[in-house]
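Here is a friendly walk through a model, from its parts to its packing. Please keep the viewer open as you read.

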Amino acid sequence: MSIAIDIFSVVAICAGAAFFMAGSVGLLRFPDSLTRLHALTKADNLGLGLVVLGLLPQADSLLGGLKLVAVWLLVQLASATVAQLIAHALRRRGPGT
Amino acid sequence: MSVILALDISLAVLVLAVAVWTIVSREAFAAVVGYVAYGLLVSLVWVRLFAVDVALTEAAIGSGVTGVLLISAAVRLRGTEAAVAAEWPGAASRLLAAALCIVVTAALAAVVLMMPDPGATLAPEAARHLAATELGNPVTAVLMAFRALDTLLEKVVLFLAAIGVWSLAADANWGGIAGPPHATHRRGALAFLAQLLPPVGIVVAIHIVWVGANEPGGAFQGGAILAAMWLIVIMARLAEAPAIGGRRLRLALVAGPAVFLAVGLAGFAVAGAFLAYPAGLAKPLIVFIEVFMTLSIAVSLPMLVLGPPHRPRDWPSS
């Protein structure tokens, strides 16, 4: 049973890392700021979610697991807000930047 | 070579690379972004060195609060950047600067390489006397008991720094509202975050101060989180920044150093030395001091970030 849990953790964390990789490639390759923003926020939220999901069975206690989930939620809140702020600043500056 | 060692080495290389990028980037804003990334990477390094207390402080102060301070400075200096770039120093002064940097680097490298291995340490001594403080976290014991004088002076420095920032104000602005005037009344995404985050942040900050006695955490880390919550609320225009003449603000600024000093002086009478704690009361006294220190840190950091005060036009004349 514990091997199955470990395999689940490894698979979930690797999938999360793949999303981070995709987000980074998008950041480097996409043509303009808005698409780069899209790549980063979507991929990072999912990537971190999968990493947290993989770490959950490894948590020492219920409280530790809840802290991991709280970290994920807080990062989502922060990155969603920052994405909105950057997009707002871009729109104010006008197209073509 | 194990996987962990490979990861550590790549982390170290990454830190150096980001540091070089930060130094060579010509634009102040880009350099600040590099500095923030550098701070976050360095806090990962502290985690790898099992210094979680330092990692928390580095992430909260070195990267977070200092990052906000430097970003607002970079934005304010943006107009002057072209003029600064035009004044590019000549070859002689650049050579001199390079030579000086090399000498300092070589001296630092020599000192590090000549250190005895294992280095001289007081760690076993501190660990042996940890029980006397009734604390579980050796870092807090060193900060608040064994080296309490350093921590006290550190708090006084923070207080002096806030006064230094205020003293940059023009005479007419003295006693005004902390920070530069704001043109717009902005709401939206930031206001949403400023409404949602502080309840969570305040709970986390209090938790971090409280567990600091036994686990990584403490007044500085918790105070920095409280400061960040206050700054978000001010930046989102949900609340006005405080007037620097306000009595409550000034009381909060001096509370930490004052309580620390008072307990330290009481140590003469009760325990026979400055900053000595009477046996059996060490932990409650330390927690008591930390509560006031947290308040002072939470108030003085935003004062540093906001900058010198201004007086709005409709401000009542005093």
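## Domains of chain B

How many Å separate the centres of domain 1 of chain B and domain 3 of chain B, taken over C-alpha atoms? Those centres lie 23 Å apart. This is a predicted model, in which local features need pLDDT of at least 70 and side-chain atom pairs count only at pLDDT 80 or more, while totals for chains, interfaces and linings use all residues. Residues are numbered from 1 along each chain as its sequence is written, and chains are lettered from A and ligands numbered from 1 in the order in which they are written.

Chain B is split into domain 1 (1-77), domain 2 (89-118) and domain 3 (121-313), with bounds from an automatic or database domain assignment.

## The nonpolar cores

The largest nonpolar core has 61 residues. Such a core is a set of buried Ala, Val, Leu, Ile, Met, Phe, Trp, Tyr and Cys residues joined through C-beta atoms within 7 Å; buried means that 20 or more other C-beta atoms lie within 10 Å of a residue's own, these atoms being placed from the backbone. Helix 11 of chain B gives the most to this core, with 14 residues (helices are DSSP runs of H or I, at least four residues, numbered from the N terminus). Domain 1 and domain 3 of chain B each provide at least three residues of this core.

B:Ile297 is among the residues with the most contacts inside the core. Leaving aside neighbours within four places in sequence, its contacts include B:Leu158, B:Phe220 and B:Ala224. Apart from this core lies another, of six residues, among them B:Val18 and B:Tyr35.

## Helix 5

Helix 5 (residues 91-114) of chain B reaches 34 Å from its first C-alpha to its last, close to the 34 Å expected (1.5 Å times one less than its number of residues).

## Chain contacts and confidence

Five residues of chain A are in contact with six residues of chain B. The model scores ipTM 0.83 and pTM 0.86.

How values were computed:
Two residues are in contact if their C-beta atoms, placed from the backbone, lie within 7 Å. A residue is buried if 20 or more other C-beta atoms lie within 10 Å of its own, exposed if 12 or fewer, and partly exposed in between; C-beta atoms are placed from the backbone. Helices (H or I, at least four residues) and strands (E, at least two) are DSSP runs, numbered from the N terminus.
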